Amino acid sequence: MSTLPSATTASGPSSARLRLQFDRGVKSLTQGRLGRTLVMATPYVWLLVFLLLPFFIVLRISLAEMVLASPPYTSLWEWTQDQTLLIRLHLGNYAYLWEDPLYLAAYLNSLKVAAIATVICLLIGYPMALGIARAPAGWRLVLLMLVILPFWTSFLIRIYAWMGLLQNQGLINQLLMWLGLIEQPLALLHSNFAVYLGIVYSYLPFMVLPLYATLVRQDLGLLEAAADLGARPWKSFVTITWPLSLPGVIAGSLLVFIPAVGEFVIPDLLGGPDTLMIGKVLWGEFFANRDWPVASAVAIAMLLVVVLPLLLLQRIGERQTTQKVNP
Amino acid sequence: MAQTKRDPALIDAWQDPTARPFLQIQQVSKVFESGHYAVDEVSLEIFRGEFFSLLGASGCGKSTLLRILAGLERPTQGRVWIDGEDVTDTPPYERPVNMMFQSYALFPHMSVAQNIAFGLRQERLPKAQIKARVAEMLELVHMQDFARRKPDQLSGGQRQRVALARSLAKHPKLLLLDEPLGALDRKLRERTQFELVNIQERVGTTFIMVTHDQEEAMTMSTRLAVMEAGRILQIGTPSEVYEYPASRFVAEFIGAANLFEGRVEGYDEAAELLTIHTEAAAQHITLYHPTPLAVGTPVAVALRPEKIHVAAQIPNPDTNWVRGTVKEIGYLGDVSIYHVRTEQGSTVQVQVTNLARRTAGPLTWDDEVLLAWDEDAGVVLTL
């Protein structure tokens, strides 16, 4: 009798407290921690599913051997009779890439084409971005729209349009012949020139946009200060505008360079028989030779060729920022 | 007050009719595309070694005028002469003028030393000479220990010093300062006022400063110009402008002022005494005024709060007093400000030093007081 009421009085508030704690826990989980975890996990899940997983699949195939089967490559592991797990990593594909000069030449040529196209994009894109950034505020959006406008048409259609323009009976040759500047049509299409033109044309907005973003944020008061201290306009550009726009230069260059290295459509449609680019080689291995393992090895090697210099660049950038913090 | 003793040869240059002005601004106007007159026919002469202030509320055109002097803005009309040379069409990078910007405009990617060296490097001076000058400037602004820091690692006060050092490094003939202390907190600002004046004394450069802070202009300048709506309303030494404001605007802008409107009742030429009838006081106001004014001329009397005192009895002769009740008290430490509602219905500000307050006995809210002032305490402004 005497223990019962005390038990109820003790359990009453404590169960209420428990209940409160439980409610709070659910609340914090749904509103706070869980929500935050979900938001933060999303990009990682995305990267895992759409980047890391495919990467390992390709890596796995690159270590297999070609067979005439479906899928057209061997398995990496097998159970043998004496209950052993046999893992066979076939490195021959990579050795083959190294031995056949075609691949090395294709890699080097791709890097060369991408680098030259990036520099041309920078030379054309920088004045454009600077012009837009320094235009009256009302004009900037219009000019930016003009830069982005070509994206509203399919990339493939725009490349086909260039084929129409560049071919022997194309607009450009007809115009030049009508003007009497040339007798015979120029072989514009299916040349390295056409490849450069295509890459620069397609990737220019990727250079202009990050450049514009850094240039438009620049404090024009700094240029006034430089002029006030005796710097002529060109000197102000070299000492103030250019160094402060380097983050934009690096971002824009990477955005052009990386996809340009692996570009397939442009060299395939605009390039000639002598245009050697790794994207084309890769396509050939996959679809013409049906050699998935070698094609995968080509892809992995290309990744290394592009990613390693990138990491190096990032390292340099990091060193500069740490220098900023600890002079 | 940062007012230090100045070279007498310099301080009176503007009163010497033979002195050649160092900077001449002749009828300069700046009209913006909108048709707005930012600067409206301003003429100004400034002498070597002066610390001159352009004082006015924001939007009065003082910064535009300064930018015209720097060459960052082209005047729509008028000429600018610096040291006998017409620089109106000279680009900023060829002018013997440097500017300290309001935002400081320090180059964020350069260290303190590189910022200071920037102007010197444009002159292609030998490396050793640049290094020596940078060290000298760092010492001048007490920033030797921060030479290798970047601007974003400095406090506001330190950035201000770097900006000053950078603008002085090239030995400019004329230094322009655009609200140089605007971004500093009050205490630092007061200390920096002294420093800036001291540095100006030491380097001897002519300084022109733009400010909206009348106290700052009064403390630091040899002379100042009060600007409003693109025009210069008055030029003079701080005490001239304070004691003898030329217009109602200046009287109200520089320090606090009580204004009584009225009409001229009479003028005693022998005593140079003006009698003014006003609705704002029970009796006439009599004030010294060196020039006669016609009877009936509408005038305003400007009385500084510190020139009015709390009187025990009605003064003799029976002029220059009002009676009222204390409505508000502001205790500022060294002085107290009283807002007194007069019998005539206007509010008069009175400033009493706390020493005087103690001897006269404490005043409190709703106390009846008698306010009086001397015949030389006010300025008569013709409207």
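This is a predicted model: local features need pLDDT of at least 70, side-chain atom pairs count only at pLDDT 80 or more; totals for chains, interfaces and linings use all residues.
Residues are numbered from 1 along each chain as its sequence is written, while chains are lettered from A and ligands numbered from 1 in the order in which they are written.

Chain B has 10 helices and 20 strands. Helices (H or I, at least four residues) and strands (E, at least two) are DSSP runs, numbered from the N terminus. The C-alpha trace of chain B spans about 75 × 45 × 45 Å along its principal axes. Of the 383 residues in chain B, 40% are buried. A buried residue has 20 or more other C-beta atoms within 10 Å of its own; 12 or fewer make a residue exposed, and values in between make it partly exposed, with C-beta atoms placed from the backbone.

Five residues from domain 1 of chain B and six residues from domain 2 of chain B form the contact. Two residues are in contact if their C-beta atoms, placed from the backbone, lie within 7 Å. On the domain 1 side, three residues are nonpolar, one is polar and one is charged. Here Ala, Val, Leu, Ile, Met, Phe, Trp, Tyr, Cys and Pro count as nonpolar, Asp, Glu, Lys and Arg as charged, and the others, Gly among them, as polar.

The largest nonpolar core has 106 residues. A nonpolar core is a set of buried Ala, Val, Leu, Ile, Met, Phe, Trp, Tyr and Cys residues joined through C-beta atoms within 7 Å. Residues with the most contacts inside this core include B:L69, B:I116 and B:L176. Helix 3 (residues 112-122) of chain B gives the largest share, six residues. Domain 1 and domain 2 of chain B both give residues to this core, so it lies between them. Beyond its neighbours within four places in sequence, B:L176 contacts B:L66, B:L69, B:A70, B:V97, B:M99 and B:I208. A second, separate core of 49 residues includes A:Y107, A:V113, A:A260 and A:A295.

Between the chains, 16 residues of chain A are in contact with 19 residues of chain B. Helix 8 of chain A gives the most to the chain A side, with six residues. That side has nine nonpolar, two polar and five charged residues.

How values were computed:
Domain bounds come from an automatic or database domain assignment.
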